[in-house]
Amino acid sequence: MTNKTPTLVASRASGGTLPLSHEEGAVPPKGGLSAELSSNQSPQEILLAEPRGFCAGVDRAIEIVERALAKFGAPIYVRHEIVHNTYVVNDLKAKGAIFIEELDDVPPGATLVFSAHGVSKAVQNEARARGFQIFDATCPLVTKVHVEVAKLNKEGYEFIMIGHKGHPEVEGTMGQLDSGIHLVEDVADVARITPSQTERLAVVTQTTLSVDDAAEISAAVKARFPKVREPKQQDICYATQNRQDAVKVLSPQVDILIVVGSPTSSNSNRLRELAAKLGTEAYMVDDASELQESWFEGKSRVGLTAGASAPEILVKQVIDRIKALGAVSVRKMDGIEETIKFPLPKGLKVDAQGHTLEVSDSQLHHLI
Ligand code: SF4
C-alpha cells in the first residue's frame, strides 16, 4: 500500500489584484459603457470570474458518492447534503443516493457517506457503533481543522470558533470536543463569550467565511484576549479565498454580478454579499430559471461566478440565458489556476499500480 502526496500546485491568492484578460483589449471602468446606454439596453458582455465553481473538496465528495454507488450499488446513504447544491443533490438522488439527517434513518448494514462539511465525534462514534460501512467525504481542509482542535485540546486549550451557528461544518468542528469551544458569529459575540481561562485560548474558523469579516472578528478576539493563539495559516480555505479575490477584481468592472449557488451554500452567499459590499448589484441563483429579465435592463456588462459547490453546467446554462437576453460575448478573467486534488478514501481509490491513495495528517498541514 502506498501513500501518495496530493498534487498541490495552486497557492492561496496573495490578495493583490488579478488582471482581466487583455485578449479583447482594455476594459472600460464600470459605468463607462452603461452610462451611454438607454434604460432598456440589454446586456452586451459576460465576464466570467476565474476561479469559480467546484473546489477540490467538492469534487472529491461527489466522486466518493458516485464511486460508492458504482462499487456497492444503490442505495448509498449520505448524511446531510453531500455539498450544498440542489442540482448536485438531485443528480445523486437520481443515481440512488439517499440523503438523511438522522442515523436512525439508515438501515443496519448500509453504506453511509459523511458529507464534505464533516461530522461531530458523536456522529462518527454512533455510526461506527451501528456497524455501517462508512466513507468519510469530509473535505481534508475541514479535517485539518478537526485535527488541530484535537491536538490543542490535549495541550489544555479552549477554543473560539468563528462561524455561522447551525452550519453543519460548525456543528462538526465544535462537536470534536464535548465542551470548551465558544462560537462567535460577529464582533458583538466576542464580548459575550465566557471562557473559563484566558491563558490557553485558540481561534479556529469555518472554512467558507468572508475573509474580511473573519479578519475583523479575529481582530476583536485578539483585542479582548491578547494571548489568543491564532492559526499559523488561516482556516479559511484556498477555494473560498480565491473566489472572493476574483469577485473583488471583477465587481468594479461590471454592472451586475450573478453568483450561481444554492441558498444553503455559505461560500456562495459570501460571494454575493462581497459584491454588494463593493457597490455592485448582485444576485445569487440556484440555476438559470431564477434569472429575472428586469435585472439586466440598462446593464451592459454582466459578471458571473459560481460558489465552490456549483457545477459548471449551471454556469453554462446561465450564460445561454443571458445570451438569449442579448449578450454577444463572453470573456474569461485571468486568474489563479487551481490544480489541487485530494485523494479518495481507502477502499474507493487506487492508483495505476493498484495502490490505495490516502492523505496523512502531516500531508494535511501542507495543503493550504
Ligand atoms: S470550499 Fe474549501 S473547505 Fe469547503 S470543500 Fe471546498 S476546499 Fe474544502
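**Figure 1. Pro51 and its cis bond in the predicted model.** Pro51 lies in the loop between strand S1 (45-48) and H1. The model shown here and in the views below is predicted. The peptide bond that joins Glu50 to Pro51 is cis. Its omega is about 5 degrees. Most peptide bonds are trans.

Figure 2. Omega for the bond between Ala74 and Pro75 is about 0 degrees, and the bond is cis. Pro75 sits in the loop between H1 and strand S2 (76-79).

**Figure 3. His80, with a positive phi.** His80 belongs to the loop between S2 and H2. The phi of His80 is near 70 degrees, a positive value in a residue that is not glycine. Most residues other than glycine have a negative phi. The cut-off for a buried residue is 20 or more other C-beta atoms within 10 Å. His80 has 22, so His80 counts as buried.

Figure 4. H2 spans residues 86-95. Val88, Val89 and Leu92 are its buried residues. Down the axis of H2, these buried residues fall within an arc of 95 degrees, so they line one face of the helix. The face turned away from the buried side carries Asn90 and Ala94, both exposed. Helix H1 (56-72) and strand S3 (97-100) are among the elements that cover the buried residues of H2.

**Figure 5. Helices H8 and H9, packed side by side in a right-handed crossing****.** H8 covers residues 238-250, and H9 covers residues 266-277. Their axes come within 10 Å and cross at roughly 25 degrees. Angles under 35 degrees count as roughly parallel, so H8 is roughly parallel to H9. The crossing of H8 and H9 is right-handed. From H8, the contact takes in Thr240, Arg243, Gln244, Val247 and Lys248. From H9, Asn267, Arg270, Leu271, Leu274 and Ala275 meet them. By class, the contact of H8 with H9 has 4 nonpolar, 3 polar and 3 charged residues.

**Figure 6. The protein chain as a whole, for context.** The secondary structure of the chain comes to 11 helices and 12 strands. The chain has 368 residues, and 43% of them count as buried. Take the contacts between residues at least 6 apart in sequence: 78% of these join residues at least 24 apart.

Conventions: Residues are numbered from 1 along each chain as its sequence is written. This is a predicted model: local features need pLDDT of at least 70, side-chain atom pairs count only at pLDDT 80 or more; totals for chains, interfaces and linings use all residues. A residue is buried if 20 or more other C-beta atoms lie within 10 Å of its own, exposed if 12 or fewer, and partly exposed in between; C-beta atoms are placed from the backbone. Helices (H or I, at least four residues) and strands (E, at least two) are DSSP runs, numbered from the N terminus. The arc is that of the directions from the helix axis to the C-beta atoms. Two residues are in contact if their C-beta atoms, placed from the backbone, lie within 7 Å. Axes are lines fitted to C-alpha atoms, for helices over the stretch in contact, and angles run from 0 to 180 degrees between N-to-C directions. Angles under 35 degrees count as roughly parallel, over 145 as roughly antiparallel, 65 to 115 as roughly perpendicular and the rest as oblique. A crossing is left-handed if the near helix is turned anticlockwise from the far one by less than a right angle, and right-handed if clockwise. Ala, Val, Leu, Ile, Met, Phe, Trp, Tyr, Cys and Pro count as nonpolar, Asp, Glu, Lys and Arg as charged, and the others, Gly among them, as polar.
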